[in-house]
Every structure is written in structure tokens, then in C-alpha cells.
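Here's a quick tour for someone meeting this structure for the first time. Have a look at the model, then read on.

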Amino acid sequence: MQASILAKYGEARLPRYTSYPTAPRFSAAVGAGAYGDWLGNLPASDPVSLYLHIPFCRSMCWYCGCHTTITRQDHPILDYLGVLREEIGMVAARVSDRLPVGEVHFGGGTPTIISPAEFLALMALMREHFVFSDMTGIAVEIDPRGLTAEMARALGAAGVSRASLGVQSFDPVVQKAINRIQSEKQTAEATDRLRAAGIGGINFDLIYGLPHQTVQSCVDTANAAIAMLPDRLAVFGYAHIPTFKKHQRMIDETALPDAAARNEQARAIAETLVAADYRQIGLDHFALPGDDLVRAQEAGRLRRNFQGYTTDNCDTLIGFGASAIGRMKNGYVQNEVAPGLYAQQIAAGRLATAKGYHLTEEDRVRAEIIERLMCDFSADIPAICKAHGFEPSRLLGGNGKLAELERDGVLEVTDGMVRVSQDHRFVVRAVAAAFDAYLEQSNRTHSKAA
């Protein structure tokens, strides 16, 4: 039965549902003017999350799906940081007061490509414009290959509480095939440096579905990671989209595993981590007992955002930097993707918003249903609809995708409560897609672009 479900739903190209609607729905209809208005209306007492995008790396990993630029020189990075500081001041000037901060996330690219002094200066600027507290969580994505002891100490001094290290795979054959050579020793040394600097929360990112990857190499990588005792692990499936990410054309497509093999790899990693006493969080995260993610899942408070599963419950996310996405109660905004265009907007004294999306009440209902499905593998449709003053029959009645999933045994619907089968949680994104009103339109957009 599981094989037939995998054959039917496993190959579908579906969103990760870190937002709803997803980014393909964003348009220039929402621009800098709307974003400025939304910023001006933010309640001064409500905590916000901040995201800062550093779009630079020293070399290109061929599997990468992020917005990044390769540079061996420092001057493009320094120029970019100058623009980023201007944007921070510009955004802060548009809000009514210094806003309290719940979470900060530095993403990339490679955020630790900037110098220790520049990182400390950037954090000092953020503290000037926003209110930080002892409870503010600060997370940074890290390439262990370039993390110096000095940078680790700077991260600790800046108050970083969580570091996410890119591991992907320790198999040297896989590493060569994706242009990312990284030893276990490098990763362990980076982990030790971070802990010595007082950064207690360590996350590893692993990837399955890479070229030449096998179930055994996935298990070996998981065991090597476990030996370093990270608090959390995020395990993602490689998304091969060479039409959009041209560097992925360097990957040998004939060496990529098929859907059945990918599922077997994901399951093997999950079983290895669970056997080592990690708790599975949602679809693809794992955490040690007692971790905040585990407590949030047990209490039904787990959330999902652009970084994946999280305990961040802030309604507002302010994004800084090229390609950065922000989320407001009104909707989403995204900055210009190209660093040059982003810099031009800021230099002209304008917010760098290139596109966005204005949420409707129906969008909010669907977004909450999708988030609960992705986090809890269940959703009480009538209860969620009632909270929004929405009629549940509009989502359940005539929902052919949902009915088909129920006939296939993927889920059951009882009095409007949707529950995903324990055995078929690996296709939960297909269940979420049954409540996505825009998926077919987004797929058509991608097809035209291709």
C-alpha cells in the first residue's frame, strides 16, 4: 500500500509550505508603498522577528537552492553591508517606536562570511533600532568549513543562542558530486568552537536524495552527526530544479535516486535518529527530549515559517537584505532579489520591496489549516473556520483532492477533523495541497517560466 501511495504522490512537485500563499503568488501589485504603510501600523508593543540575508559564499555548492553570489573578494560584502545598514535605519524610521524583538535569524548564503568586527557592529546597530531582551533568540546559519575561532567568539559575544551548521552528507563520493568537501573533523571543530563560545543550541542540516547517495551513506552520515550531539537536526530532500538554479546543471541527473529510493533514505535517517533518542518534529526536523521544539509539538504550539519548524510565535517578520521576505498581518513582502537592484532602491531612499501579497480572510483560514497539517498531521477544519467566521463547507464540500486522499487511505475525515494516517505522513504536503487554492496556477506559472 505504501509503495502505491509513494508512486502516486511521491513524485509530485509540491511546496514545502513554509508560507501560504507561497512565493509564486507574490506580485508587483504590493510594493514599497504598501510595505511602508504596513510598517507604520505595527503595534509598538507586539514583538517582531527579524531576518537578515547575507547573499555571499566563497564557493558554490551545486545542490544549493538559495539566493547567493560567489565572491573571493571582501569589497562586495562590505559594500552590501553598508546598504543593509541603510535599510535597517530606513525601516526603523517607518515604525512608530522601537519594536521589541522575539527572534533574529541570519540566513544566506553564508552569514559568517562577514568579519567578526562587522558582525558585532551589525548586531550593535540592530540593538540601537530595536529592543532586545534576555529572551530574544538569535540564530545564525554557518558553513563549518570557514568558521574561525575568532568568529565563534564574536557570535557568542553578540548573544547568538543557536547555530545551524550545514552538513548535508559526510560521504566523500557525494561531497565530490555536489562540490562541497567537508570533513567530519571540520564539522566537529566548528561545533566545539561554538559551544566554547557559549552557544548552546546546535542544529545540523542533512540532505537526502543527492547524487550517488545510498541508504547506507545516509545512515553513516546520521551516525557521525549523532556522535557530535547536536540539539536538533533538519533533514531535507534535495530539490533538483536546474531550470531555475543553473548551477544545478553540474549535477549528474543519472546519479540521482528516484522517489522510492529518496523515501527509503529519508526513512532510514529518521529511524537512525529516533533510535538515538531524538524526537521527530513534524515532517523533517528532529530534536533531543526537552528541547523547545519537542515541548511546542507536545503542547500543540509548533509553528512553521521560512526557516522550517519553529517555536517563533511572532505575527510579524521583518526581512532585511536582497531577496529577504517579510510577513505582516496584512500579507507578505519580498525585497529585490539581485543585490545590485536592491542597492539601487536603497540608494534612492526607497524601501527595496519588489513584490508581495495582500492576504484575504480565506487565505488566512487556508494558511492556518495548512500549518496545522504540516505541524500536527491533523486539522480541525470547523474549529479553525469558526475562529475566522468562515463557512467550513467552502473548504470541505466538493474538495476532490481531499476525497481522493481519503479513498487512498492517506487520511480520514471525521466531523470535519482531518487526520493524516501514521503510515502516510511522508506525503503530508499532498494533504496540505488539498487546501491550496492557488497550486495549479503556480504550477502553470512555473511551466511557462521553464
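What follows covers some salt bridges and one glutamine.

This is a predicted model, where local features need pLDDT of at least 70, side-chain atom pairs count only at pLDDT 80 or more, and totals for chains, interfaces and linings use all residues. Residues are numbered from 1 along each chain as its sequence is written, and side-chain values use heavy atoms, with hydrogens and water left out.

Let's start with charges. The structure holds 14 salt bridges (a side-chain nitrogen of Lys or Arg within 4 Å of a carboxyl oxygen of Asp or Glu). Here are some of them:

| Pair | Closest N to O distance |
|---|---|
| E361 and R364 | 3.8 Å |
| D376 and R372 | 2.9 Å |

D143 and R180 sit 37 residues apart, so this pair links distant parts of the chain. D143 is buried at 15% relative accessibility, and R180 is buried at 6% (buried means under 20% relative accessible area, exposed over 50%, partly exposed in between, with a 1.4 Å probe and protein chains only).

E361 and R364 are three residues apart in helix 12 (residues 361-376), about one helical turn; helices here are DSSP runs of H or I, at least four residues, numbered from the N terminus. E361 is partly exposed at 36%, as is R364 at 28%.

Now for the glutamine. Is Q248 buried or exposed? Q248 is buried, with a relative accessible area of 0%. Its contacts (heavy atoms within 4.5 Å), leaving aside neighbours within four places in sequence, include W62, Y63 and H240.

Technical notes: Helix = DSSP H or I, 4+ residues; strand = E, 2+ residues; numbered from the N terminus.
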